[in-house]
Amino acid sequence: MLVEKVRGAMRIAAICPEAHAQGLTPGMMLADARAQVPQLGVEPHDPLADLQWLERLADHCDRFTPLVATDPPDMLVLDITGCTHLFGGEAALVAAAEDSLARFSDHVRSGCGDTPEAAQALARFAPGLSFARPEDGDVVLRRLPVAALRIEEEVQTALIRAGLKTIGDLAMRPSAPLAARFGEDLVERLDRLLGSADSRIVPRRSPPALRFETRFAEPIARTEAAMAALANLAGQAAEALEQRGMGGRHFAARFYRSDGRTFDLAAETSLPMRDGEVLMRLLHERLDALSDPIDPGFGFDMIRLIVPRIEPMAPSQLQLEGGAVSEEAFAALIDRLSSRLGRGAIRRFQPRDTHIPEQAALTLPAVDLPAPEPWAAPQTGEPPSRPIHLFDPPQPIEVIAEVPDGPPHRFRWKRQQHHVVRFEGPERIAAPWWKHAPGKSGLTRDYYRVEDARGRRFWIFRHGLYDSERPDPRWYVHGLFA
Amino acid sequence: MSPARDSLESLKAHIAGLERACAGESGGEPAGMARTGHAGVDAALGGGLMRARLHEIFAFEADDAGCATGFAAALALRLGGTLVWLREGEAERRGGQLHAPGLVEIGLSPAQVILGTLPDALAVLRAAADVTRCGDVGVAVVELWRNPRAFDLTASRRLALAAESSGVTVIALRIAATPAPSAAQTRWQVSAAPSLPMEANAPGYPAWRIELLRQRGRPAGGAWRVEWNREQACLAEAPPVGGAGTGGAAALSGAVLPLSAGRPARTTGLQRTG
């Protein structure tokens with residue numbers, strides 16, 4: 001039995017059939033239950049673990065249809081439209097799903113209906129029925145109690161008091177008075193249940209552009225063999241991509257273990273790609289870099305490769321002078337590093353058209369940035385005007401200057417005095433006009449390149465113009481020059 | 001496809017070798033080495049900085065991080081190829097971000113730089129091992145702050161071996177660190193040096209005091225004051241600015257005094273406080 005704390009009292013959240021037979025019900029107080037059945041075994045309720053377990057079951061059910069939705073706390077909804085013929089009909093699919101889920105749980109209830117709501121109502125109130133004709137399902141539906149609508153407790157009681165006990169009773173009534181008396185929600189739910197309103201599930205994953213899978217009659221228990229099977233799928237994917245004139249940017253392999261666990265292996269590329277061998281190399285890199293290796297356990301019974309993102313890709317040709325080739329090699333290097341070290345860790349610089357120094361360069365994941373824009377060439381004959389290290393945020397310093405709006409004379413940074421021997425400036429960088437207006441926070445910065453007595457070169461700035469913007473402008477060091 | 005590409009690659013490498021030999025760079029580069037452009041440094045190194053080796057650059061103080069970074073970037077530019085720069089997340093907080101416009105000012109194109117930011121020193125070293133195994137990388141800069149325990153003799157030996165087998169030159173940039181036994185080919189110490197002032201006493205080109213602390217198989221020793229010339233992309237002897245180090249400050253401002261005549265109060269202020 002599982003208990004949870006509801007408004008200060010321990011109440012029963014879930015019970016086993018034996019406890020139910022003793023007359024206990026969910027929602028009871030633990031103290032009352034103990035009074036009835038003193039030898040209760042009690043565990044705290046963990047909704048998060050339940051949810052994770054449901055997600056794992058949903059992963060498991062991916063093998064029946066790509067469109068799987070979870071309906072917490074205890075339901076999975078599978079959209080099996082167009083999948084049934086693969087299993088030999090609706091009833092056979094439901095039986096297969098029940099069989100495979102029965103391995104994980106004692107109680108599996110299933111229902112198969114025209115709409116998700118009908119299916120869940122049948123699963124909860126009339127499990128285990130399979131219908132030869134669709135009309136039969138409708139008849140059963142109409143016999144279900146109003147609780148199958150999953151409406152609020154008060155509405156339910158009100159309906160029963162009014163003598164409307166089954167779905168059929170409700171369906172016979174005109175909808176306008178029902179809506180006026182019990183709310184729009186009721187009518188909407190009724191329509192969805194009976195299939196007169198459109199209703200669909202929100203799958204956990206959108207269907208991928210391309211999907212390849214292989215199933216094994218006997219689970220394979222060696223990772224090498226699984227990777228060999230995956231290589232076969234990669235070859236198929238390459239062929240299909242070539243036929244379409246497309247290349248993949250994202251590849252995801254999923255291993256389905258026979259006990260319901262799944263393992264993912266994904267690779268991303270910075271340029272569209274359709275080379276099976278290169279893909280396998282990337283996936284192997286990813287496999288080597290995994291912190292907990294893929295454990296085959298009792299073996300995998302299915303492997304699937306999906307290509308969620310595809311983009312047009314022109315057939316490539318070797319260039320004698322090596323333009324495209326070196327670009328490809330560079331992209332391949334980025335792909336390898338990104339799949340090994342993680343896509344966020346490997347970045348490239350992208351220039352931005354702004355004067356604000358800390359916004360002048362972006363670092364973006366290299367995989368997303370196949371060709372960065374060119375950088376403006378520095379001015380010839382001039383020493384560097386931008387530092388090689390930039391502090392973000394700038395570090396505050398104490399500055400002594402001759403005059404408040406003059407150049408710095410000496411400054412104190414990290415408890416160390418620096419005497420300014422040489423300086424150049426100010427280089428005035430104003431905040432953008434939409435921040436610079438009176439009353440806004442944007443202040444003008446006066447940047448100085450300074451060199452101290454030991455030859456260290458700093459980039460420091462005064463934040464705010466003296467007198468006109470601030471009475472006592474603060475100073476900051478913003479960067480270190482080479 | 002792949003044999004064709006291989007032969008194309010070898011032809012290209014051959015042509016590049018011929019071009020290098022023909023180039024006027026004072027007789028061309030010795031095989032497997034990259035000239036720094038500074039005659040004294042090149043002579044001490046026996047021709048140039050060896051490729052496919054591990055080199056260590058030390059900045060003993062954190063304040064010299066900018067100079068050491070600049071020197072590493074300059075060497076990477078001389079060595080050529082794709083540059084992979086690996087940093088710790090802590091370096092980002094302590095020493096600031098690697099600023100792409102600043103790399104442009106050194107002469108490196110940020111488009112050829114891949115930046116890797118890893119959470120800690122151990123992750124950086126693991127990534128460095130991976131990067132060094134990729135033959136397509138030209139130079140890998142491994143930036144480490146302080147003395148991480150993970151970077152010991154074994155780790156450096158592993159990096160050096162990987163570099164030798166793949167042909168990637170590895171530069172270990174050690175900031176605020178003290179030298180410890182390692183398998184590096186060369187070990188440098190970089191600190192700031194006063195630059196030759198431009199007009200109106202403005203700070204000039206990047207100038208560093210570099211010292212060759214140690215070198216495998218050759219006598220070590222030698223300290224130079226060098227200046228980085230972006231247009232020529234080479235190190236050059238820094239012109240004298242009235243003696244190296246802190247003592248030169250007074251003579252320095254004297255030499256350029258006529259240009260800063262408009263600020264007499266500042267000069268006296270310096271004398272008073274200095």
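I began with a bridge: A:Gly248 has A:Met273 in β8(A) as its bridge partner. I note that this is a predicted model, in which local features need pLDDT of at least 70 and side-chain atom pairs count only at pLDDT 80 or more, while totals for chains, interfaces and linings use all residues. Residues are numbered from 1 along each chain as its sequence is written, chains are lettered from A and ligands numbered from 1 in the order in which they are written, and side-chain values use heavy atoms, with hydrogens and water left out. For elements I used DSSP runs, numbered from the N terminus: helices are H or I with at least four residues, and strands are E with at least two. Two strands pair if DSSP finds at least two bridges between them.

**Entry 1: the four-stranded sheet of chain A**

I looked up the pairing of strand β7 (residues 246-257) of chain A with β8(A) and found it antiparallel, over eight bridges. I then traced the open sheet of four strands, which has the order β6-β9-β7-β8 in chain A with antiparallel pairing. Its edge strands are β6 (210-220) and β8 (262-273) of chain A, each of which pairs on one side only. From one strand to the next the twist averages 10°. Axes here are lines fitted to C-alpha atoms, for helices over the stretch in contact, and angles run from 0 to 180 degrees between N-to-C directions.

Helix α12 (residues 276-289) of chain A lies across β7, β8 and β9 of chain A and runs at about 130° to β8(A).

**Entry 2: the three-stranded sheet of chain A**

I found another open sheet, of three strands in the order β2-β1-β3 (chain A), with mixed pairing. β2 (9-14) and β3 (43-44) of chain A are the edge strands, each pairing on one side only. Strand β1 (residues 2-6) of chain A pairs with β3(A) in the parallel sense over two bridges. In β3(A), A:Pro44 is the bridge partner of A:Val3.

**Entry 3: strand β12 of chain A**

I listed the pairings of strand β12 (residues 389-401) of chain A. Five bridges join β12(A) to strand β17 (residues 474-480) of chain A, and the two run antiparallel. A:Leu390 has A:Gly479 in β17(A) as bridge partner, and A:Leu390 also stands opposite B:Gln97 in β5(B). That strand, β5 (residues 97-98) of chain B, runs antiparallel to β12(A) and is joined to it by two bridges. With strand β13 (residues 408-413) of chain A, β12(A) pairs in the antiparallel sense over four bridges, and β12(A) and β13(A) form a hairpin with six residues between them.

I also checked the backbone here. A:Pro393 lies in strand β12 of chain A, and the peptide bond that joins A:Asp392 to A:Pro393 is cis, with omega about 5°. The loop between β13 and β14 of chain A holds A:Lys414, a residue other than glycine whose phi is positive, near 50°.

**Entry 4: two helices in contact**

I looked up helix α9 (residues 175-182) and helix α10 (residues 184-194) of chain A, which pack at an angle of about 135° with their axes 6 Å apart. That makes α9(A) oblique to α10(A); angles under 35 degrees count as roughly parallel, over 145 as roughly antiparallel, 65 to 115 as roughly perpendicular and the rest as oblique. A:Ser175, A:Leu178, A:Ala179 and A:Phe182 of α9(A) meet A:Glu184, A:Leu186 and A:Val187 of α10(A).

Conventions
Contact means heavy atoms within 4.5 Å.
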